[in-house]
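Dear colleague,

Please find the structure handed over below.

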Amino acid sequence: MGISRDSRHKRRATGGRKANLKKKRQYESGRPPANTKLGAARVHTVRCRGGNLKYRAMKLDTGNFSWGSEVSTKKTRILDVVYNASNNELVRTKTLVKNSIIQIDATPFRTWYESHYGVKIGAKRLKKLGTEGAEDVEKKSKHAERKLAVRAKGRVLDPALDDAFSSGRLLACISSRPGQSGRCDGYILEGAELDFYSKQLKKKKGAK
């Protein structure tokens with residue numbers, strides 16, 4: 001009957017064997033893992049118990065990602081899988097699973113931030129642009145200027161995120177289950193979590 005999710009065939013924690021008093025049941029059966037890869041979107045529907053549907057993503061290349069501190073969510077491209085706490089093989093094969101650390105395209109978030117606050121971000125990128133020539137300054141009404149000034153009053157951007165915007169790539173964590181929901185959604189890493197995973201990635205580079 002293939003993959004079985006029962007525990008009768010397993011030993012006890014003490015090492016003793018259990019008496020297996022019944023046969024396998026269909027409600028104990030499982031399915032092989034989706035192993036969702038990075039690529040042009042391909043999603044299969046799977047008919048489940050009770051006539052419900054699961055959406056088994058075979059390949060995905062976009063997702064909705066949330067920027068928690070700014071309360072903003074944008075659809076963006078997934079560029080690469082860079083870290084997985086459970087298995088390095090999932091990084092090598094670019095497999096998208098829940099809690100994987102990935103790189104996403106920063107452009108939608110940078111565009112939104114610059115229009116919302118009326119400031120340019122990505123210090124390194126701006127230095128390069130400064131040498132090539134200043135960007136055109138948009139003319140704004142007095143009302144719009146006042147509105148942007150109020151928004152920018154309490155604005156704080158993490159320097160680590162500012163550097164990431166300069167490179168055009170943000171680190172994000174997948175919070176959905178691509179093999180179950182057919183979507184690859186998550187959130188941008190910031191603060192202590194961003195520091196932790198940045199250190200882990202540096203360690204990995206150093207080990208090579």
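The buried residues of helix H2 are Phe109, Arg110, Trp112, Tyr113, Glu114 and Tyr117. Here buried means under 20% relative accessible area, exposed means over 50%, and partly exposed lies in between (1.4 Å probe, protein chains only). Helices (H or I, at least four residues) and strands (E, at least two) are DSSP runs, numbered from the N terminus.

Please note that this is a predicted model, in which local features need pLDDT of at least 70 and side-chain atom pairs count only at pLDDT 80 or more, while totals for chains, interfaces and linings use all residues. Residues are numbered from 1 along each chain as its sequence is written, and side-chain values use heavy atoms, with hydrogens and water left out.

Helix packing

Helix H2 covers residues 107–117 and packs against helix H4, residues 142–152, at an angle of about 115 degrees, with the axes 8 Å apart. Axes are lines fitted to C-alpha atoms, for helices over the stretch in contact, and angles run from 0 to 180 degrees between N-to-C directions. H2 and H4 are therefore roughly perpendicular to each other, a term for angles of 65 to 115 degrees (under 35 is roughly parallel, over 145 roughly antiparallel, and the rest oblique). On the H2 side, the contact (heavy atoms within 4.5 Å) is made by Ser115, His116 and Tyr117, and on the H4 side by Leu148, Arg151 and Ala152. By class, this contact has 3 nonpolar, 2 polar and 1 charged residues; Ala, Val, Leu, Ile, Met, Phe, Trp, Tyr, Cys and Pro count as nonpolar, Asp, Glu, Lys and Arg as charged, and the others, Gly among them, as polar. Just after H2, Gly118 has a positive phi of about 70 degrees.

Salt bridges

Side chains of opposite charge can pair when their charged atoms come close. The structure holds 7 salt bridges, each being a side-chain nitrogen of Lys or Arg within 4 Å of a carboxyl oxygen of Asp or Glu. One of them involves H2: its buried residue Glu114 pairs with Lys120 at 3.8 Å, N to O. Glu114 has a relative accessible area of 16%, whereas Lys120 is partly exposed at 46%.

Another salt bridge joins Asp185 and Arg183 at 3.0 Å, N to O. Asp185 counts as buried at 17% relative accessibility, and Arg183 as partly exposed at 43%. Elsewhere, salt bridges that share partners link Asp6, Arg8 and Glu28 into one network.

Yours sincerely
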